[in-house]
Amino acid sequence: MLHYFSNARPEIGLSQFARLSGLNKATALCHLRALEEYGLIEQNPMTNSYAAPPRCTWRRCAKSPVPG
């Protein structure tokens, strides 16, 4: 899911994320909220779009195991 974010596409809205992933909006929102809960993405309160945090945060998060 994180591979949809890039320098060319730093922010993704719910509808765009659903289209890219092939998921319906409800399922896409569940995935986005889970990623946000673990600190892997952040929601912009002004646009409601989602973005990956800065690389230094990403590396810290990537090394932490996700509780299952």
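The cover over the buried residues of α1 includes β1 and α2. Buried means under 20% relative accessible area, exposed over 50% and partly exposed in between, with a 1.4 Å probe and protein chains only. This is a predicted model: local features need pLDDT of at least 70, side-chain atom pairs count only at pLDDT 80 or more, and totals for chains, interfaces and linings use all residues. Residues are numbered from 1 along each chain as its sequence is written, and side-chain values use heavy atoms, with hydrogens and water left out.

**Overall layout**

- The protein chain holds three helices and three strands. Helices (H or I, at least four residues) and strands (E, at least two) are DSSP runs, numbered from the N terminus.
- Read from the N terminus, the order of elements is β-α-α-β-β-α.
- Of the 68 residues in the protein chain, 26% are buried.
- The accessible surface of the protein chain is about 4800 Å², and carbon and sulfur atoms hold 54% of that. Accessible areas come from the Shrake-Rupley method with a 1.4 Å probe; for residues, only the protein chains shown count as cover.
- Among contacts in the protein chain with a separation of 6 or more, 33% join residues 24 or more positions apart. Contact means heavy atoms within 4.5 Å.

**Helix α1**

- Phe17, Ala18 and Ser21 are the buried residues of α1. They sit on the same side of α1, because they cover an arc of only 100° around the axis. The arc is taken from the directions from the helix axis to the C-beta atoms.
- Ala18 touches Leu23, Asn24, Lys25 and Ala28, not counting residues up to four places away in sequence.
- Gly22 follows α1 and has a positive phi, near 80°.

**Nonpolar core**

- The largest nonpolar core has 11 residues, among them Tyr4, Phe5, Ile12, Phe17, Ala18 and Tyr50. Two elements, α1 (14-21) and α2 (25-37), are those that give two or more residues to this core. The most comes from α2, with three residues.
- A nonpolar core is a set of buried Ala, Val, Leu, Ile, Met, Phe, Trp, Tyr and Cys residues joined through side-chain atoms within 4.5 Å.

**Aromatic pair**

- Rings of Phe, Tyr and Trp (its six-membered ring) pair if their centres lie within 6.5 Å; planes under 30 degrees apart count as stacked, over 60 as edge-to-face and the rest as tilted.
- The count by this rule is one aromatic pair. Tyr4 and Phe17 form it edge-to-face, at 5.7 Å centre to centre and 85° between the planes. The pair links distant parts of the chain, with Tyr4 in the segment before β1 and Phe17 in helix α1, 13 residues apart.
- Tyr4 is buried at a relative accessible area of 14%. Phe17 is buried at 0%.

- Three strands make an open antiparallel sheet in the order β1-β3-β2. The edge strands, β1 (11-12) and β2 (42-43), each pair on one side only. Two strands pair if DSSP finds at least two bridges between them.
- Two bridges join β2 to β3 (residues 50-51) in the antiparallel sense. Gln43 has Tyr50 of β3 as its bridge partner.
- Ser49 lies in the loop between β2 and β3. Ser49 is buried, with a relative accessible area of 15%.
- Leaving aside neighbours within four places in sequence, Ser49 is in contact with Glu11, Ile12, Gly13, Glu42, Gln43 and Asn44.
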